Amino acid sequence: MRDPEAERDSIGSRKCAGKTRMMNRNASGRRTKRGNARDVRIAVCAVVVIVSSLHPAVADDAGDYFETRIRPVLQQHCYECHSAEAAKSKKLKGALLLDTREGTRRGGETGPAVVPRDVGKSLLISALRHESFEMPPSGRLPEKVVADFVKWIEMGAPDPRDGTTATPHGSPIDFAAARRSHWAFQPPSKGAAPEVTEARATWPRGEIDRFVLARLEAEGMQPAAPADRRDLLRRVSFGLIGLPPTPEEMDAFLKDESPDPLPAVVDRLLDSPHYGERWGRHWLDVARYADDQALANARDNVHAFRYRDWVVQALQNDMPYDRFLRLQLAGDLLTEPVDDYFGRLAGLGFQGLGQLYHRGNFPEQVMADELDDRIDTVSRGLLGLTVACARCHDHKYDPIPTQDYYSLAAAYQGANWLDVPLAPPDAVARHARFVEETKQREAALAEWVKSRGRQLSEAPLRNLRPYLDEAWRVHVRKSQNQPVDEKAVAAEKGLTVHFLSRWVQLLQAGEVGKERVPLAGWHKVAREAATMADAKAATIDPPAPLATAADDLARLAVTLAEELARIEAAHQQALAAAKSDEERRKVVRPELSMAAKALQVALISDGKSPLAIAAGEVVGLLDDAGKREHQTRTADLEVFKKTAPPAPPLAHGVAGGGNAMRIHVRGNVERKGDLAPPGVLRVLTSGPAVDAAPAGAAPATPRFNRLDLAEAIASRDNPLTARVLVNRIWHHHFGRGIVSTPSNFGTLGERPSHPELLDFLAVSFMEHGWSLKWLHRQIVLSETYRLSSKADPANMARDVENRLLWRWSPRRLDFEAWRDTVLAVSGRLDRALGGPSQPVDGSVRRTIYSKISRSRLDPTLATFDFPDANVSSEKRSTTTVAQQQLFVLNSPFMIDSGKAFAARVNAVGQNDDERIAAAYRMAFGRAPTEGEREIGRRFLSTATTASGDMLTPWQRYAQALLASNEFAWVP
């Protein structure tokens, strides 16, 4: 039986209707006092609004929660006895139907199974807990699963089922009608920009503005006034590179007397290496980038950073978006010549960095879950569709039947997630040959050491009696507390002290142990004889019984030595007779007789045997000639290792795939249905629909691999790809997409606020070579982008959410831009590009280079709403809670930044007035008002450095500016 918790977690990890985060929560703002100086510091910070936040609590969308946590469990464990299908087959139990909302709430013979928001009256919970009935009868489900049902009922038992049972194969879909009925499935058309009134005819700078203005005029609204130059420069700088303008850049922009200085600034920012970092981070959210896997024992993706660096580089170079997609989906399958293996293959991390699970006892289930992760990321990230909802049943809202899920999944069926070398094949082969030869040479050296150790161990076998006698004498003296020098004894008798000491240790042990039974007789007699011997005597000779036992053991040892010699000779003869390396590898050393093998274990081969030698001890026991030979062999190996060719860098990637899949009925890998014809979603094609082939039949269409998938997605004929990307870019520039659900363009997604504008930009984007930088220029140079954020009461009354774009919507910086800005303004930012990820705490690099964990997200990142890297994220949440404020006040990061900022300001100002002015220019790009100057003067003149707080007044003042509301917001 499958593990229901594992199945619930894996299937439930796919989000059917997109993911929403918790709404903003308010914080009390209470803080802990830390001395008078800390009070002053807090008082200064109270003047400004602190940027901050708590660990973002994730609240699943209600319908999404049912689809991912509840329905899969009901299907797997309940429908067999409690569904319409069970009723038809006369297997219905207790008149209870759990496959519809109405049936679940009506219940069966004993009452309602689910009473929304009343767990106590919901019989389903007591049944799952095995308190009343025992459901499922096969065994109680894990506590986590039961807890999910409890939470679901406490939420009000949201259930999107409309009263009919969802089945793996629903009613036939009229795909042609579906394309006609929903805007996103229709090809985008590039209509002419609309006309605007003569009174505003000079306002638009381009087509974007004409579409926006026409919509505003239709609603009787007017756009806001233009933003001032300071706000505009900060806005575009944060928007394109995620960093503020320097004071020098601000001065130059404000003093520029040209009619429009913004285009030159935009070109400079798009050429900046920091542009790729800023927009690369946005894409990594979509790609669910992470530096590890969320397994029971988290495993690092040690090469993950290469995909991140590839994304940054590709965007920096303005790689056409269609090629950007092809390389991520099928860079290894492209047939064109390769001159840059990093550029060709590192993008495969889009898939190679996806979820990987422990195979365990259910490898097929795990592989299905891994495949589902790729389908979900590709469909939501690139197509804006929740295709993963069709894994278990036909999509409830969009024209995506279960068959289409498995048709699309064929591109990944049979794929292997592996490390891909980023080098030419000959270089890879050359390094592989070197590695193999190195292993062979190391193995040969290890075999030589092992052989010499075997010789050293076997030598005493032919002369064992002196070791037994001297070991007994040393044991006698030691047991009677007489001084004894084992090394001197060994030297005098011509013995090896290593073996003598081990025989002594064996005698000192209370028993020989089961591995050394052949030594038990001698050991017993020797221990008894030791109690009767006189250690003070000049000589201690073994008594007759002990001498007899020693002779018997010595004779057995000689017999073993002779048999070992015969076996070794036979083995060497077989090796010499072999005609190839392959034959030599197949030569097996002959086996000892059972009696000899037992004696060999007792004397030599077990780690605690008296004649055993650990591998690390062999060299020290060799004679001078042997040591010189070992030194020569080791030196030869080291010389060879220095000839190593460069190891090719590796990236996490993918190989293979493209095999047709059978439909998993209700998502159950153990219930195979018909064969799904490989291919793209039928609603996105104009050809005739192809039904699944019956079990045993061949697929109705040719093989469909990842390159076919890439071509279908990156095609200009695909109605979704360009729209989804344009909308994502728009979303990051304006804080809200033209479609406000960037990863869901389906029926449940929001309709576009400006559909004609979205289509115009999508078609124009493709016409201009899928250039992202072209698209950025069109947006940020528009008059719409340059609007002031000032609120107009009349417009606010009609469009408080600013869906119609009558003004610029001010918004808070995301954590990466805010943290990078703190580092930049304080003069601490390390602007080096690329390389392995580092923990965010303690690093002064840009935040894109911070390590992202799926299993345990860094607490600092979690505090500031960083998205869950286990799934593709469409947009960031924004919370304002106490933990963020505490971080800004007390974290080492902020304290160190405040110190550095104060030092930077002090270096450019001669007095407090000059320093205050410099601080405002660096932090906000403006001069302070007279009131702000006065607040600063008053604080700096009255604050002191109290015991327990080693920050100076200027350091506290500098930190307060970094913590201010203005510092964290884009106006």
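I looked up arginine 846 and found 3% relative accessibility, so arginine 846 counts as buried (buried is under 20% relative accessible area, exposed over 50%, partly exposed in between, with a 1.4 Å probe and protein chains only). The model is a predicted one, in which local features need pLDDT of at least 70 and side-chain atom pairs count only at pLDDT 80 or more, while totals for chains, interfaces and linings use all residues. Residues are numbered from 1 along each chain as its sequence is written, and side-chain values use heavy atoms, with hydrogens and water left out.

**Entry on the partner of arginine 846**

I then asked which residue forms a salt bridge with arginine 846. The partner is glutamate 277, with the closest N and O atoms 3.1 Å apart (a salt bridge is a side-chain nitrogen of Lys or Arg within 4 Å of a carboxyl oxygen of Asp or Glu). This pair links distant parts of the chain, 569 residues apart. Glutamate 277 belongs to helix H13 (residues 273-286), and arginine 846 to the loop between helix H35 (815-825) and helix H36 (859-863); helices are DSSP runs of H or I of at least four residues, numbered from the N terminus. Glutamate 277 has 2% relative accessibility and therefore counts as buried.

Glutamate 515 is partly exposed at 33% relative accessibility, whereas arginine 516 is buried at 6%.

I also examined lysine 597 and glutamate 591, whose side chains meet in a salt bridge at 2.8 Å, N to O. Lysine 597 is partly exposed, at 36% relative accessibility, and glutamate 591 is exposed, at 60%.

I recorded a network of salt bridges that links Arg230, Asp231, Arg926, Glu932 and Glu966.

**Entry on helix H40**

I turned to H40, whose buried residues include Glu932, listed above in the network. H40 spans residues 930-942, has 13 residues and reaches 18 Å from its first C-alpha to its last. That is close to the 18 Å expected at 1.5 Å a residue, the expected span being 1.5 Å times one less than the number of residues. The buried residues of H40 are Glu932, Arg933, Gly936, Phe939 and Leu940. They cover an arc of only 135° around the axis, so they lie on the same side of H40; the arc is that of the directions from the helix axis to the C-beta atoms. On the other side of H40, I found Glu930, Ser941 and Thr942 exposed.

Technical notes
Helices (H or I, at least four residues) and strands (E, at least two) are DSSP runs, numbered from the N terminus.
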